Amino acid sequence: MTEEQKMLAGKIYDPNDSCLLEKRRNAHRLCKLYNDTFETDEKEREEILNGLMPNRGEGAYLQGPVYFDYGLYTKTGKNFYANFNLTVLDVCPVAFGDNVFIGPNVSFLTPKHPLRFEDRNPYVSEKGYITDKEYGAPITVGDNCWIAGNVTVLAGAEIGSGCVIGAGSVVAGKIPPDSLAYGNPCKVIRKITEQDRIELKKDLF
């Protein structure tokens with residue numbers, strides 16, 4: 001297996017492999033270019049995203065600034081929206097369904113590091129350069145989800161369709177569909193039901 005294949009499969013891999021290093025540097029360059037544009041620079045932004053995030057659905061909009069490790073391994077459905085300061089460390093695949101709304105300062109973090117410092121600290125590889133042992137796990141977010149501001153989604157998390165994740169939450173593990181969930185660690189508070197219909201909130205009209 002190549003180091004890229006190991007990485008995407010959640011195996012221990014060499015993050016300083018030349019192929020991965022080149023792709024990561026290119027993603028960081030494209031992020032910088034995107035972040036230096038104005039939101040009215042629609043054509044320029046679209047061209048940058050074509051290189052950074054080729055696997056995005058129709059109508060995807062990223063307010064910016066954005067920060068991706070690779071971008072190539074992140075997939076969005078249609079009508080994806082991300083507010084300011086989206087961070088995606090996609091050493092493993094990150095997949096979003098349709099109509100996902102993401103608030104400001106939200107992070108999706110697929111990397112993992114060994115708990116023992118003896119395993120975690122940098123070392124000199126057989127090829128003679130300094131590297132470390134890393135691995136990861138994918139993140140999935142279903143259709144029609146709202147991830148509120150300052151949420152951190154950790155490696156291996158699965159958020160079911162129709163969920164609302166409250167501000168400041170740290171999500172690990174599985175959140176079942178149609179759940180209102182929040183906290184650190186993020187826990188299901190209750191099911192989202194027909195009683196949550198906006199038309200029933202008379203004080204808003």
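Which residue stands opposite Ile102 in β14? The residue is Ile147, and the pair belongs to a place where strand β7 (residues 101-102) and strand β14 (residues 146-147) run parallel, joined by two bridges. The model is predicted, so local features need pLDDT of at least 70 and side-chain atom pairs count only at pLDDT 80 or more, while totals for chains, interfaces and linings use all residues. Residues are numbered from 1 along each chain as its sequence is written, and side-chain values use heavy atoms, with hydrogens and water left out.

Strands here are DSSP runs of E with at least two residues, and helices are runs of H or I with at least four residues, numbered from the N terminus. Two strands pair if DSSP finds at least two bridges between them. Both β7 and β14 belong to an open sheet of seven strands, ordered β1-β4-β7-β14-β17-β20-β21, in which the pairing is mixed. At its edges lie β1 (61-62) and β21 (187-191), each of which pairs on one side only.

Other strands pair as well. Strand β2 (residues 66-68) runs parallel to strand β5 (residues 86-89) over three bridges, with Phe68 opposite Val88. Strand β5 also pairs in the parallel sense with strand β8 (residues 107-109), again over three bridges, and there Val88 has Phe108 as its bridge partner.

The loop between β1 and β2 holds Gln63. This residue is buried (under 20% relative accessible area; exposed means over 50%, and partly exposed in between, with a 1.4 Å probe and protein chains only), as its relative accessible area is 12%. Beyond its neighbours within four places in sequence, Gln63 is in contact with Glu39, Arg45, Tyr81, Ala82, Asn83 and Phe84, where contact means heavy atoms within 4.5 Å. With Glu39 there is a polar contact between side chains, at 2.9 Å. A polar contact is a pair of N or O atoms within 3.5 Å; within protein, one must be able to donate a hydrogen and the other to accept it, and residues adjacent in sequence count only if both atoms are side-chain atoms.

The buried residues of helix α2 are Leu20, Arg24, Ala27, Leu30, Cys31 and Tyr34. They lie on the same side of α2, because they cover an arc of only 125 degrees around the axis, taken from the directions from the helix axis to the C-beta atoms. These residues pack against α1 (3-8), α3 (42-52), β1 and β2. The face turned away from the buried side carries the exposed residues Ser18, Glu22, Arg25 and Lys32.
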